[in-house]
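Please read it alongside the model shown below.

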Amino acid sequence: MVLNQENPPAEHLGLLYRVSRTLLKEGEYGELLSGLLDTLIEGLGADRGFVVVREAGEFRATSARNFRSEALSRAEHAISRSIARTVMENGRAVLIGDASSTEPYSRQPSTQQLSLRSVLCAPLVASDQAFALIYLENRRITNCFTEEQRDLLDEVCALAAPRLRTAVAMSRAQRRAEALEHTHSQSDGILTSDPGMLQVMQNVHQIAATDLPVLIEGETGTGKELIARAVYRHSTRVKGPFIALNCAAIPASLIGSELFGFVQGAFTGANRDRVGFVGAAHRGTLFLDEIGDLPLDLQPHLLRVLQSGEFTRLGTSRAEQVDVRFIAATNRDLEAEVAAGRFRADLFFRLSAITLRLPPLRERPHDTRLLAEHFVRTAAARYGRPVPSLSEDCLSALTAYSFPGNVRELESEMSRLVALASAEAPCGADLLNERIRRRGNGPLAAASPGTPVALMSLHEMEKQLITSVLEHTGGNRTQAAEILGISREGLRNKLQRFRIPEALS
């Protein structure tokens with residue numbers, strides 16, 4: 001829309017200039033919305049303003065200025081829903097000189113309760129659909145706004161809509177994340193607004209109070225241990241121990257004695273009795289990470305504990321009894337492992353009484369932004385540095401990247417960014433790791449939905465992934481293990497198992 005004047009007044013041009021400057025500023029999205037409202041309130045003579053969205057049929061204020069309460073939940077009751085509904089449904093700006101005497105608004109209870117007078121409301125439109133409203137009012141003066149100001153607000157909305165669409169979406173996501181954090185005991189350390197992860201958290205709270213085994217499936221770095229600890233914290237065993245063992249981090253020759261313990265003299269160097277992880281978890285929870293790496297010959301012994309609570313330490317035939325809840329996690333397809341003969345079917349069925357599947361970060365684009373800003377804040381606090389802001393091009397590059405290492409890789413990258421950031425300027429994409437700047441075009445990029453993928457076994461796929469990561473890191477095992485989300489010892493075991501040439505590592 002263009003202003004209905006060949007030569008717009010200087011104050012109108014000045015307002016458009018100030019709005020443009022506000023939109024170009026780097027900073028948090030909440031600051032962007034507030035800054036825009038401040039500019040419009042001052043330039044158009046309003047006494048308060050709101051950015052309003054519609055969620056689940058209800059109108060909510062995602063930003064409010066000159067409203068007495070800072071609580072946005074209360075601001076939602078300070079707008080006329082009938083006016084907001086008219087603008088949202090018609091997609092056109094509304095100018096009301098005196099709502100108390102203008103039909104049909106004068107008959108609405110909200111008009112009388114709010115003592116509405118002058119109202120100017122215009123839609124923010126993207127892809128031919130109104131996604132939010134800018135709602136301005138003056139309750140002291142009637143006929144405060146003019147037709148020219150309505151056209152001017154339409155011009156502002158057309159100018160601002162592309163940038164504000166992202167800002168409003170992020171503000172919504174932030175609200176959902178904050179609501180989840182409040183509802184579920186500060187989110188159990190899990191920050192998300194993704195529907196898939198929200199469903200996982202709901203399932204956690206439903207099953208936590210039972211003693212059923214839980215199998216958590218997900219790619220490396222998706223937060224499987226965080227989910228396991230959430231199950232534990234909400235269970236009846238919360239006063240007992242939470243014991244965690246990474247099955248991929250311990251050599252196959254030692255994991256039996258670590259898991260079940262041993263008695264003095266069981267082997268050379270066994271100078272005293274030792275309680276294993278199973279015994280240490282008595283009346284608590286045992287979390288077995290990377291359960292797919294548990295050697296096949298030990299799986300019957302674990303099955304015995306699951307079925308009867310009995311186990312035997314290395315070096316003795318005396319059975320011991322424990323009361324343990326088991327939570328296992330894997331980044332493998334255990335059903336395929338069973339079919340290939342590398343995992344016992346009876347153990348799989350016993351462990352998977354309840355299965356929680358965690359979506360990878362590349363399927364959670366809003367979470368990428370939320371988590372990036374969260375990790376920047378926590379890293380800055382840890383290092384005692386100012387919190388740097390992330391530019392839009394930086395956030396866009398992060399969202400475009402596939403993150404094969406998922407949340408763990410993102411956290412590592414944000415820590416690196418804080419270490420390199422300057423306090424004077426926002427962090428641009430140029431500070432990101434080269435593999436992220438390439439936006440997933442390298443060997444670690446996820447295939448697009450239309451890209452044909454060669455058929456292969458999971459065994460061969462895992463071998464190719466490890467080989468690709470090692471080539472990407474120039475044979476640096478420490479970096480490769482970090483990207484894969486496993487320990488260096490776990491990577492060493494996989495290199496031996498897959499017979500990957502030493503030249504690559």
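A residue counts as buried when its relative accessible area is under 20%. The model discussed here is predicted. By that cut-off, nine of the 10 residues of strand 5 (residues 129-138) are buried, so the strand is largely enclosed by the rest of the structure.

- Five strands make up an open sheet, ordered 2-1-5-4-3, with antiparallel pairing.
- At the edges stand strand 2 (58-65) and strand 3 (94-96); each has a single partner strand, so one side of each lacks a neighbour in the sheet.
- From one strand to the next, the twist averages 20 degrees.
- Helix 4 (residues 81-90) packs on this sheet and touches strand 1, strand 2, strand 3, strand 4 and strand 5. The direction of helix 4 makes about 140 degrees with that of strand 5.

**Partners of strand 5**

- Strand 1 (residues 48-55) runs antiparallel to strand 5 and is joined to it by five bridges.
- Across this pairing, Phe50 is opposite Tyr135 of strand 5, and Val51 is opposite Ile134 of strand 5.
- Strand 4 (residues 118-126) is also antiparallel to strand 5, with nine bridges joining the two.
- Val125 has Ala130 of strand 5 as its bridge partner.
- A hairpin is formed by strand 4 and strand 5, with two residues between them. In the turn, Ser127 has a positive phi of about 55 degrees.

**Helix 14**

- Helix 14 (residues 365-383) has 19 residues, which at 1.5 Å a residue should span 27 Å; the end C-alpha atoms are 27 Å apart, in agreement with that expectation.
- Buried residues of helix 14 include Asp367, Arg369 and Glu373, as well as Leu370, Leu371, Phe375 and Val376.
- Thr368, Ala372, Ala379 and Ala380 are also among the buried residues of helix 14.

**Cysteines**

- The structure holds zero disulfides.
- For Cys121, the closest cysteine sulfur is in Cys157, at 8.5 Å, which is too far for a bond. The cut-off for a disulfide is a pair of cysteine sulfur atoms within 2.5 Å.
- Cys121 has 0% relative accessibility and therefore counts as buried.
- Cys427 is in no disulfide either, and the nearest cysteine sulfur, that of Cys394, lies 6.3 Å away.
- Cys427 counts as buried because its relative accessibility is 0%.

Technical notes. Residues are numbered from 1 along each chain as its sequence is written. This is a predicted model: local features need pLDDT of at least 70, side-chain atom pairs count only at pLDDT 80 or more; totals for chains, interfaces and linings use all residues. Side-chain values use heavy atoms; hydrogens and water are left out. Helices (H or I, at least four residues) and strands (E, at least two) are DSSP runs, numbered from the N terminus. The expected span of a helix is 1.5 Å times one less than its number of residues. Buried means under 20% relative accessible area, exposed over 50%, partly exposed in between (1.4 Å probe, protein chains only). Two strands pair if DSSP finds at least two bridges between them. Axes are lines fitted to C-alpha atoms, for helices over the stretch in contact, and angles run from 0 to 180 degrees between N-to-C directions. Contact means heavy atoms within 4.5 Å.
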